[in-house]
Amino acid sequence: MKQKNFIFGIHPVIEAVRSGKEIEKVLLQKGLRGEGFRELFNLCKEFEIHFQFVPPEKLNSLSKQNHQGVIAYLSEVTYQRLEDIIPYVYEQGRPPLILVLDRITDVRNMGAIARSAECAGVDALVIPVQGSAQINSEAIKASAGALYKLPACRSKNLKEDLQFLKSSGVGIIAATEKGAMEHTQAPMSGPVAIILGNEGAGIAGELLQMADELVYIPVYGEIGSLNVSVAAGVILYEAVRQRKPE
C-alpha cells in the first residue's frame, strides 16, 4: 500500500477527519483504549466514517511505523450524495440512469463496471459502505480513470436508498438469474436504477423484493453465467439502446 493512500497514528487521523479529508475507512486495533481513541471513535460515528476493529498483526502488516493502533485509508475519489444527484438530473430534463452495486468485492470488477457505466452515461454509481471493494488505485486503473469522472455515492443502507429512488419516480430493475424477463424486454427508457449483485451470492433477497422487474441475460454456453462486469456492459447498453432518440 502506498503511503499517500493512508495515514497512521491517532492524532493525525483525528486531524484528518476534522479537516474534512475524504476517508474511506479507519482500522482500529482491537482493545485500544485511552482518551485519544475515544475521541477518534466518536468522530468516526459523528462523520459516519466506516471503521473496523482488527488485530495488531493486520496493522503491522500495513505499516512498519508507529501507527499507534490506527490506520486510515484516504479516499481516491470525492463521494457525492444521491439525494443531490437525482434532482439535478431531473432539472437537466433527463431521466436518471443509476447503477447500484450490491457487495461487488473484486476491485477489478468494480473498475471495469465503472468504465462501462461512464461510457453508457450513467448518472451515479451507488456502492455500500460495508462489504464492497474499495475505490482504490487498482480499481481506478481498471476503470481507465472513469472513477474520477463518474459520480460515486456511498450507501449506508441500500434498502433505504432504493426506497428513496422509488419515491423519486425511479424504477428498479434487478439483474439476476432468478429473473423471469429477458433484459431486452425491461423498460429502461425512463428513470431507472439497475442493481447488480455479488459475484457469487448475487443480489440480496431484501433488495430483490424491492425491484419492479427481475431480469436475466440469456446465455447459451455451458458456464451458465457472465462475469458481473460483462453483465453490466450488456444491460447498460440495452438501456442506451432504448434511450437513443428516434
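Surface patches are made of residues with over 30% relative accessible area and no salt bridge, nonpolar side chains being joined within 5 Å. In the predicted model examined here, Val 219, Leu 226, Val 230 and Val 234 make a nonpolar surface patch of about 260 Å². Of these residues, Val 230 is placed in helix 10, which comprises residues 228–243, and Val 230 has a relative accessible area of 43%, so that this residue is classed as partly exposed.

Aromatic contacts were then considered. A pair of aromatic rings is described by the distance of the centres and the angle of the planes. A search of the whole structure finds six aromatic pairs. In one of them, the ring centres of Phe 51 and Phe 53 are 6.0 Å apart and the ring planes stand at 85°, and the pair is therefore edge-to-face, given that planes over 60 degrees apart are assigned to that class. Phe 51 counts as partly exposed because its relative accessibility is 25%, and Phe 53 likewise counts as partly exposed, with a relative accessibility of 36%. Both residues belong to a cluster in which ring pairs link Phe 37, Phe 41, Phe 51 and Phe 53.

Glu 57 is located in helix 3, which covers residues 56–62. The relative accessibility of Glu 57 is 56%, and this residue therefore counts as exposed, the cut-off for that class being over 50%. Although Glu 57 and Gln 29 are 28 residues apart along the chain, their C-alpha atoms are separated by 9.1 Å.

Key: Residues are numbered from 1 along each chain as its sequence is written. This is a predicted model: local features need pLDDT of at least 70, side-chain atom pairs count only at pLDDT 80 or more; totals for chains, interfaces and linings use all residues. Side-chain values use heavy atoms; hydrogens and water are left out. Rings of Phe, Tyr and Trp (its six-membered ring) pair if their centres lie within 6.5 Å; planes under 30 degrees apart count as stacked, over 60 as edge-to-face and the rest as tilted. Buried means under 20% relative accessible area, exposed over 50%, partly exposed in between (1.4 Å probe, protein chains only). Helices (H or I, at least four residues) and strands (E, at least two) are DSSP runs, numbered from the N terminus. Patches are made of residues with over 30% relative accessible area and no salt bridge: like charges are joined within 9 Å, nonpolar side chains (Val, Leu, Ile, Met, Phe, Trp, Tyr) within 5 Å. Accessible areas come from the Shrake-Rupley method with a 1.4 Å probe; for residues, only the protein chains shown count as cover. A salt bridge is a side-chain nitrogen of Lys or Arg within 4 Å of a carboxyl oxygen of Asp or Glu.
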